[in-house]
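Hi everyone, and thanks for coming along. Please have the sequence and the 3D view open while I talk, and stop me if a term goes by too quickly.

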Amino acid sequence: MPVKFFGQFLLEKGIVTREALLKAVGPQDSTNLKFGETARSMGLITDADIDRVHDAQRSEDLPFGDMCVKLGILTADQLKEVLAKQKAGHLFIGEALIKTGAINANDLPKYLEAFKADQAPYVIDKVAIPAGVPDAALWEAAADLTYKMLSRVAGFTVRPGQCVLTQHLDANDTVVSIGMTGSVKARYLFSVSTNVRTLIARAMLNTDDVSKEQEDMLNDTVMELANVICGHIEARASQMGKEIEISPPEVLTDGVNGIPVPTGGKGLLFPLHVAEGRIEAGIFLEQV
Amino acid sequence: MKKVLVVDDSLSVGRQLSQIIAGTGEFEVIGPARNGVEAIKMYQTDRPDIVCLDMNMPVMDGPTALRSIMAIDRNARVVMITSLGGVGDKFTEALKLGARNVISKPFKPDEVLKVLREL
């Protein structure tokens with residue numbers, strides 16, 4: 001089971017129907033106000049303030065509340081008050097499903113336990129990101145999900161190496177790239193040697209013999225694995241309050257020559273030691 | 001026999017899904033279409049009973065194709081296939097647009113068949 005949200009878990013398990021879930025999302029939408037809406041409902045900011053904050057956020061990546069403080073719209077104490085009110089009034093999907101009669105209140109703890117057990121394999125271990133790298137928590141999660149998906153989807157036993165800053169990703173037989181935009185501007189790179197690609201293809205195609213497969217199909221299995229990893233990174237980012245969009249994966253034809261970090265950017269390299277060959281994951285951040 | 005249109009830009013996922021769906025003899029697989037544009041064309045010509053539609057594709061993504069398919073046939077039975085691990089907003093957005101369910105990658109054959117049988 002991949003990283004997912006409680007509502008999706010309940011739907012996939014057949015505990016609630018699509019219609020029941022949509023019915024519960026309605027009260028959530030009206031109850032769970034955004035920071036700006038909450039602050040406005042408390043009489044602390046105006047619509048004009050909200051526009052000012054949105055304008056400022058176009059040139060500086062700061063959360064709405066922090067930007068309010070920076071612009072002098074709210075004090076630090078008012079920021080805490082709004083966050084506390086937002087948290088206290090939050091309607092979780094489980095509660096919304098009880099409210100709309102889709103599930104019984106007595107059953108909720110049981111479902112939450114099952115969900116927790118389902119998601120336990122995806123709980124993040126600590127991966128050290130070098131100092132000074134923005135969004136370090138997200139890249140820790142990205143590295144951790146890479147290790148876990150390599151193990152769970154492709155069956156590798158992975159020993160992670162130390163994450164280091166790099167100026168380029170070394171040449172390798174197949175290099176897949178996936179763009180990330182939104183809260184972060186980055187590129188996820190996943191490079192494998194030919195024998196690792198074969199093992200990934202076997203796992204992804206669920207067959208022992210891939211000797212007759214074309215190059216396109218073999219490369220596609222590496223792209224798909226990278227796609228699944230990045231999908232999970234996107235989900236984790238969302239849980240951290242960062243919205244990112246991933247582009248469809250592509251094989252870089254110049255991967256055999258190594259990939260340089262873009263000018264002004266930063267490169268994170270995550271070496272992955274496996275017995276079967278060479279795998280590296282890299283995250284190249286644009287203009288940090 | 002119900003016709004299932006498989007839509008995924010990934011060759012390997014397209015093949016895997018087709019094998020799972022056709023494997024039991026309960027469904028006939030058409031496609032795979034490789035993007036949203038191909039999916040819409042095939043929906044119009046083949047009128048499948050079910051569409052398995054990838055979320056993240058080049059040319060035209062899944063949600064855009066879903067909108068068009070629902071405009072063609074408001075009773076279309078579309079299941080989104082996603083590697084996006086259940087991103088909350090995208091998940092509920094797909095349901096609001098009319099998707100009947102969402103299957104997360106990596107998927108297991110029995111999970112896929114269970115969802116299709118329930119449609």
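Let's begin inside. The largest nonpolar core has 52 residues, and A:Tyr188 and A:Ala226 touch the most other members. By a nonpolar core I mean a set of buried Ala, Val, Leu, Ile, Met, Phe, Trp, Tyr and Cys residues joined through C-beta atoms within 7 Å. Buried means that 20 or more other C-beta atoms lie within 10 Å of a residue's own; 12 or fewer makes it exposed, anything in between partly exposed, and the C-beta atoms are placed from the backbone.

Before going on, a word on the source: this is a predicted model, where local features need pLDDT of at least 70, side-chain atom pairs count only at pLDDT 80 or more, and totals for chains, interfaces and linings use all residues. Residues are numbered from 1 along each chain as its sequence is written, while chains are lettered from A and ligands numbered from 1 in the order in which they are written.

Which elements give two or more residues to it? In chain A they are α9 (136–152), β4 (174–182), β5 (186–192), α10, α11, β6 (244–246), β9 (266–274) and β10 (277–285). These labels come from DSSP runs, numbered from the N terminus: helices are H or I with at least four residues, strands are E with at least two. The most comes from α11(A), with ten residues. Take A:Ala226: leaving aside neighbours within four places in sequence, A:Ala226 is in contact with A:Val176, A:Ile178, A:Tyr188, A:Phe190 and A:Pro249. Contact here means that the C-beta atoms of two residues, placed from the backbone, lie within 7 Å. There is also a second, separate core of 47 residues, whose members include A:Phe5, A:Val25, A:Ala96 and B:Leu66. As background, nonpolar side chains in soluble globular proteins tend to be buried together.

Now stay with α11(A) and look at A:Asn219, which lies in that helix. Buried or exposed? A:Asn219 is buried, because 22 other C-beta atoms lie within 10 Å. Not counting residues up to four places away in sequence, A:Asn219 touches A:Thr174 and A:Val251. A:Val251 is 32 residues away along the chain, yet the two C-alpha atoms are separated by 7.3 Å.

How does α11(A) sit against α10(A)? Their axes are 8 Å apart and the packing angle is about 75°. Axes are lines fitted to C-alpha atoms, for helices over the stretch in contact, and angles run from 0 to 180 degrees between N-to-C directions. The two helices are therefore roughly perpendicular to each other. For the naming, under 35 degrees is roughly parallel, over 145 roughly antiparallel, 65 to 115 roughly perpendicular, and the rest oblique. On the α10(A) side the contact is made by A:Arg197, A:Ile200, A:Ala201, A:Met204 and A:Leu205, and on the α11(A) side by A:Leu218, A:Thr221, A:Val222, A:Glu224 and A:Leu225.

Two residues in the loop between these helices deserve a look. A:Asn206 is in that loop, and has a positive phi of about 55° although it is not a glycine. A:Asp208 is in the loop too, and is exposed, because it has 7 other C-beta atoms within 10 Å.

Next, where the chains meet. 29 residues of chain A are in contact with 26 residues of chain B. On the chain A side, α1 (6–12), α2 (18–31), α10 (194–205) and α11 (215–239) each supply at least two residues. Once again α11(A) gives the most, here with 13 residues.

Finally, chain B. The axes of helix α1 (residues 11–23) and helix α5 (residues 109–117) of chain B come within 10 Å and cross at roughly 60°. That makes α1(B) oblique to α5(B). In α1(B), B:Leu17, B:Ile20 and B:Ile21 meet B:Pro109, B:Val112, B:Leu113 and B:Leu116 of α5(B). One backbone detail to find on your screens: the peptide bond from B:Gly31 to B:Pro32 is cis, with omega near 5°. B:Pro32 lies in strand β2 (residues 27–33) of chain B.

That's my tour, so over to you for questions.
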